[in-house]
Amino acid sequence: MTRKTSILMVGGATLVAVMAGVAFAMMQHASQRTATPSRTPSPSPTSSVSVNPTRPATPTPSILPVTSEETRTSTVREVQLCKVTMAIVNDPEPPLNVRSAPTTEKANVIGQLKNGTFLMVAQEQNGWFQITDPIKGWVAKSRTTSSCNQKVERIQLGSGETSVSITDRFIGTGSHRYLFTVQPEQRLTVTRNDGPFPGIVSPSSKFLIGALDENRTQWSEVISEPGDYTVMLDSHYKGYPYSFVVEIQ
């Protein structure tokens, strides 16, 4: 065998070995692909937020029916005039000092009064009464008992309300007037609880009932003349407490 032939034989054997190795490797790779299952990609989670969300419709506010309870109003009492002209000494540490000025300086005490003494009041100033009788000077209002001697009060019944109770007292002389607006065909009723029966005056100034009736307990009448009716009481001496009920239906 020549050298050239030997080289060819060795090269051919080597080529065959290389090709066999490549074939074996390809068979191994194919076997691995067959044995390994293909992975199915997991589905991506679905987002809960829409890409183009629809704006919710604005809710229409519901209109609730107005009940009778919601439309009711309370009785309004407006004192249009309150003037104190008399008071009674009621000092927890008697006697009551009468002073030359509305201050508490020791040097300005000009007299003293016993509890129960009636005072004539000229004016009120910063918690002090200026008095003219039984002595001229100033006394502390808080050490007296007083109320409106001249009083005018307008009363408007609330819706759904038909009556109002009135209780007060006179300290000394005075006049109290209560005004009520009454419409035709309404019934006006006044019932006395304490003190004298009040007088009742029509819008045209006609006395329907005279004042200070000690025997009457009630008066009632269907109204024909519209306007303001006055229920009134007067005091001509030392005063008195009173109480009555006015009803309008």
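Two residues are in contact when heavy atoms of one lie within 4.5 Å of heavy atoms of the other. The views below show a predicted model.

**View 1. The surroundings of Phe244.** Leaving aside residues up to four places away in sequence, Phe244 touches Val164, Ser165, Ile166, Tyr178, Val190, Thr191, Arg192, Asn193, Pro198, Val231 and Leu233.

**View 2. The largest nonpolar core.** This core holds 23 residues, and Phe180, Phe244 and Val246 have the most contacts inside it. At least two of its residues come from each of β10 (163-169), β11 (174-182), β12 (187-194), β16 (227-235) and β17 (241-248). The largest share, four residues, is supplied by β17.

**View 3. An open sheet of four strands.** The strands follow the order β10-β17-β12-β15, with antiparallel pairing. At the edges are β10 and β15 (218-222), each of which pairs on one side only. From one strand to the next, the twist averages 15°.

**View 4. The pairing of β12 with β17.** Strands of a sheet pair through backbone hydrogen bonds. Six bridges join β12 and β17 in the antiparallel sense. Leu188 has Ile248, in β17, as its bridge partner.

**View 5. The whole protein, for orientation.** The protein contains one helix and 17 strands. Of its 249 residues, 29% are buried. Among contacts between residues at least 6 apart in sequence, 69% join residues at least 24 apart. The accessible surface is about 16800 Å², and 55% of this surface belongs to carbon and sulfur atoms.

Notes. Residues numbered from 1 in each chain as written. Predicted model: local features only at pLDDT ≥ 70, side-chain atom pairs only at ≥ 80, totals over all residues. Heavy atoms only, no water. Buried < 20%, exposed > 50% of the residue type's maximum accessible area, 1.4 Å probe, protein only. Areas by Shrake-Rupley, 256 points an atom, 1.4 Å probe, with all protein chains shown as cover. Core = buried A, V, L, I, M, F, W, Y, C linked by side-chain atoms within 4.5 Å. Pairing = 2+ DSSP bridges. Axes fitted to C-alpha atoms, helices over the stretch in contact; angles between N-to-C directions.
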